[in-house]
Amino acid sequence: MAQGEHVDKLLGLLSGQGKAAYFGEPVSVLEHCLQCAYFAEQSRAAPATVAAALLHDIGHMLHGLPEDIAQHGVDGGHEELAAAYLSRWFGEDVTETVRLHVAAKRYLCSTDPGYIARLSPASIESLLIQGGPMEPHEVAVFEALPNAKTAVGLRRWDDEAKIPQLQVPGLEHYRPVLLQVSKSMG
Ligand code: FE
């Protein structure tokens, strides 16, 4: 793939498939992803983290691409699928942050007393499927992972990024940062 072509592909996936409703939330998947990236940028997150915020739910958009899924043989959740898919173009500061964003939710449910109360009903429902709050030994394992803190940061923006009608920059705003944090293909 030519330099930058993958960015076209990713932005195309987000703009095409992102119009779908976001599982019981009041925004579309695309609005959700744009808000999440916006919050990351507002928090002066590192470029790789902004990219991870924009792309964290891309796993939900790969169902139309069976060849990609088969190629990676992933049968984990959308976060595993996304990390595997993105790994051909991005390093672990992007892919691990994406992969851990669901674990980060289970982590926060165990470690932040007020956290569950702030989750949306749809997010509480999926929590049970995702394994529920982490057990203490899982908390320790999670905290030791190199990208755990970034994933927790992403998770907090993820939970906020469900605001109807919020005006935020569009997809093209993120083209430079996606190019900047891509592996060099040379
Ligand atoms: Fe999300």
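Reader: To begin with helix 7 and helix 10, at what angle do their axes cross?
Author: The axes of helix 7 (residues 101–111) and helix 10 (residues 136–143) cross at roughly 125° and come within 10 Å. Axes are lines fitted to C-alpha atoms, for helices over the stretch in contact, and angles run from 0 to 180 degrees between N-to-C directions. Helices (H or I, at least four residues) and strands (E, at least two) are DSSP runs, numbered from the N terminus.

Reader: What does that make helix 7 relative to helix 10?
Author: That makes helix 7 oblique to helix 10. Angles under 35 degrees count as roughly parallel, over 145 as roughly antiparallel, 65 to 115 as roughly perpendicular and the rest as oblique.

Reader: What should I know about the model itself?
Author: The model is predicted: local features need pLDDT of at least 70, side-chain atom pairs count only at pLDDT 80 or more, and totals for chains, interfaces and linings use all residues. Residues are numbered from 1 along each chain as its sequence is written, and side-chain values use heavy atoms, with hydrogens and water left out.

Reader: Back to the pair, then. Is the crossing of helix 7 and helix 10 left-handed or right-handed?
Author: Helix 7 passes helix 10 in a left-handed crossing. A crossing is left-handed if the near helix is turned anticlockwise from the far one by less than a right angle, and right-handed if clockwise.

Reader: Which residues make the contact?
Author: Helix 7 contributes Ala103, Ala104, Arg106, Tyr107, Ser110 and Thr111, while helix 10 contributes Glu138, Val139, Phe142 and Glu143. Contact means heavy atoms within 4.5 Å. The residues of this contact of helix 7 with helix 10 divide into 5 nonpolar, 2 polar and 3 charged. Ala, Val, Leu, Ile, Met, Phe, Trp, Tyr, Cys and Pro count as nonpolar, Asp, Glu, Lys and Arg as charged, and the others, Gly among them, as polar.

Reader: And how do helix 2 and helix 3 pack?
Author: Helix 2 (residues 29–42) and helix 3 (residues 47–55) pack at about 160°, and their axes are 7 Å apart. Helix 2 is therefore roughly antiparallel to helix 3. Their crossing is right-handed. Cys33, Leu34, Cys36, Ala37, Ala40 and Glu41 of helix 2 meet Thr49, Val50, Ala53 and Leu54 of helix 3. That contact of helix 2 with helix 3 has 8 nonpolar residues, 1 polar and 1 charged.

Reader: How many helices and strands does the protein have?
Author: The protein has 12 helices and 0 strands. Buried residues make up 48% of its 186 residues; buried means under 20% relative accessible area, exposed over 50%, partly exposed in between (1.4 Å probe, protein chains only).

Reader: Which residues of helix 6 are buried?
Author: In helix 6 (residues 92–99), Val94, Thr95, Glu96, Thr97 and Val98 are buried. Their cover includes helix 3, helix 5 (78–86), helix 7, helix 11 and helix 12.

Reader: Where does Lys162 lie?
Author: Lys162 lies in the loop between helix 11 (148–160) and helix 12 (175–181). Lys162 is buried, with a relative accessible area of 12%. Not counting residues up to four places away in sequence, Lys162 touches Tyr22, Glu25, Pro26, Val27, His32, Gln35, Ser120 and Ser123.

Reader: Is Pro121 buried or exposed?
Author: Pro121 is exposed, with a relative accessible area of 68%. Pro121 is found in helix 9 (residues 121–129). Pro121 and Glu25 are 96 residues apart in sequence and 8.8 Å apart in space, C-alpha to C-alpha.
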